[in-house]
Amino acid sequence: MDFGAVRLSRVSSIRRVCLAFVAAIALGANQAPPTPSELYGDLFVEVQEQRIFGDNKTFVDAVPLRAPEQIMADYRAAPPADEEALRAFVLANFSVPGIAPTAPLALREHIRALWPDLVRQPRKEVEGGSLIALPLPYVVPGGRFREIYYWDTYFTMEGLRADGEAVLVDNMIDDFVSLIERFGHVPNGTRTYYVSRSQPPFFALTLDLSENTDPVVIARRLAALRTEYAFWTRGERCATKGSPCERVVVMPDGSILNRYWDGRDTPRDESFAEDRATAAEVEGEPAEKVYRNLRAAAESGWDFSSRWFADGRTLATIRTTDIVPVDLNSLLYAMEMRIARGCREAGDQACADGFAARASARRAAIRKYLWVDGEARYADWSRLENRPIPGLTAATLYPLFTGVATPDEAGKVARTTQERLVAPGGLRTSLVRTGQQWDAPNGWAPLQWIAVMGLERYGHDELARQIASRWIDTVDRTYRETGKMLEKYDVEEQKPGGGGEYPTQDGFGWTNGVASALLEKYPGLDPADAP
């Protein structure tokens, strides 16, 4: 073989490639490559003007999956009939940044596949670590939330039950029993820095999700529920009119209602810098009082919201401990009713009568102080101003959810909800935009479930189904765009939610749970069955 000739041939080939590259550069200096608007013409205009992806930069950064002329030939031959068809056409022909071209699984199948990823097995506590051990497997919300959370778990359980995970539901109930037996309550979450507070008390409602009929188990759970009730009412020993104690408030007529609270008055460990910065903005208030109010808002689960702000807008005016919240008192009514029933079933009539009387007294106080007939809503109460707090929020639906409301009150709340709280993508959390995550334009899975079940309880089935339908559409639409289940959503624009102290998290326990439970309840809403 003539290796010299081969070498010359290779040199000539390299030279030709180099000359071609130089020529291409020279041509490029005079002729810019076509832009997306030039390549895709009418398709480009439709996608951008209809804001198919919200941000106009999204489509222009998309990568075609085949030759542009082929895409445009198909587009001109059969132009998409509407916005949904246009979106489907684009996702079928382009790889769009941050958006799954097609969800690999239908929504509910995706949720079922997610459960194992969110399950955690029992782990031993590590000296110096913050995790609190649990005896049985449990589900975490996901994202930065790597431990079990109290009120999240109820909504997660609703979905687990719908998806046939009865054993896991029972495990999580018994994990809560374990926490109550150790700490006297279910902490905010299973971290040492959460033990000084709880969260909205849903344990009573989780008991009705269990299929366990073992009398020993039932007795232990009832005992735990009564222990939790003692935690929430411990302040009765020291509360007086004008001077609340712990979580107990004595109302002007002497009746007893409750508030959110925290046993500590220091910055939260998990939000230390943020809390110190907030306290520094507040003039004329001891830092300890600010910290207690921030912590109490964290106990509410609505951290943070205009509900807790004196001016209705600014975190620096937070006053959570001065507020008697409608959601908490509705849940405590449900707890009292559940204890009364459990005692009656156990043959303890004195206990049953005592808790039934407590429930009746609480219901009367809620309706007296927290119902605002002229505005057709339930409200939180300011103990300092001695009046209901202005501003409509989704918390108005809790008395329907737990059965506190009269049929007349429920009808008025239903009209208010239809006229003011229902958004294109589900139920609004509030009507004000504060930049906080528990305000407009965000919607949250637990509030959708409470609204749907509360409205249905009083016969407002059509509105309940409408809220469910809009919420499922938002969750499914965002899932198809991102491939994720998210913690919260913007129900105005049907996209991921925002605001608050941390980025929107994916996972996500209660969103999965409520979506599965709603699809079980309303099979016709399943996107997989849409024509």
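A residue counts as buried when its relative accessible area is under 20%, as exposed when that value is over 50%, and as partly exposed in between. The exercises below concern a predicted model.

**Exercise 1.** Decide whether Glu246 is buried or exposed, and describe its backbone.

*Solution.* Begin with the location: Glu246 belongs to the loop between α10 (215-233) and β5 (248-250). Next, compare its relative accessibility of 17% with the cut-off of under 20%, and Glu246 therefore counts as buried. Finally, turn to the backbone, where Glu246 shows a positive phi of about 50 degrees although it is not a glycine. In general, most residues other than glycine have a negative phi.

**Exercise 2.** Find which residues Ser382 contacts beyond its neighbours within four places in sequence.

*Solution.* Ser382 is part of strand β10 (residues 381-382), and with 1% relative accessibility it counts as buried. Once those sequence neighbours are set aside, the contacts of Ser382 are Arg319, Asp322, Arg387 and Ile389.

**Exercise 3.** Work out how the strands β14, β15 and β16 are arranged.

*Solution.* The three strands make an open sheet in the order β14-β15-β16, with antiparallel pairing. Its edge strands, β14 (442-444) and β16 (495-496), each pair on one side only. Between β14 and β15 (residues 488-490) there are three bridges, and Gly443 stands opposite Tyr489 in β15.

Notes. Residues are numbered from 1 along each chain as its sequence is written. This is a predicted model: local features need pLDDT of at least 70, side-chain atom pairs count only at pLDDT 80 or more; totals for chains, interfaces and linings use all residues. Side-chain values use heavy atoms; hydrogens and water are left out. Two strands pair if DSSP finds at least two bridges between them. Helices (H or I, at least four residues) and strands (E, at least two) are DSSP runs, numbered from the N terminus. Buried means under 20% relative accessible area, exposed over 50%, partly exposed in between (1.4 Å probe, protein chains only). Contact means heavy atoms within 4.5 Å.
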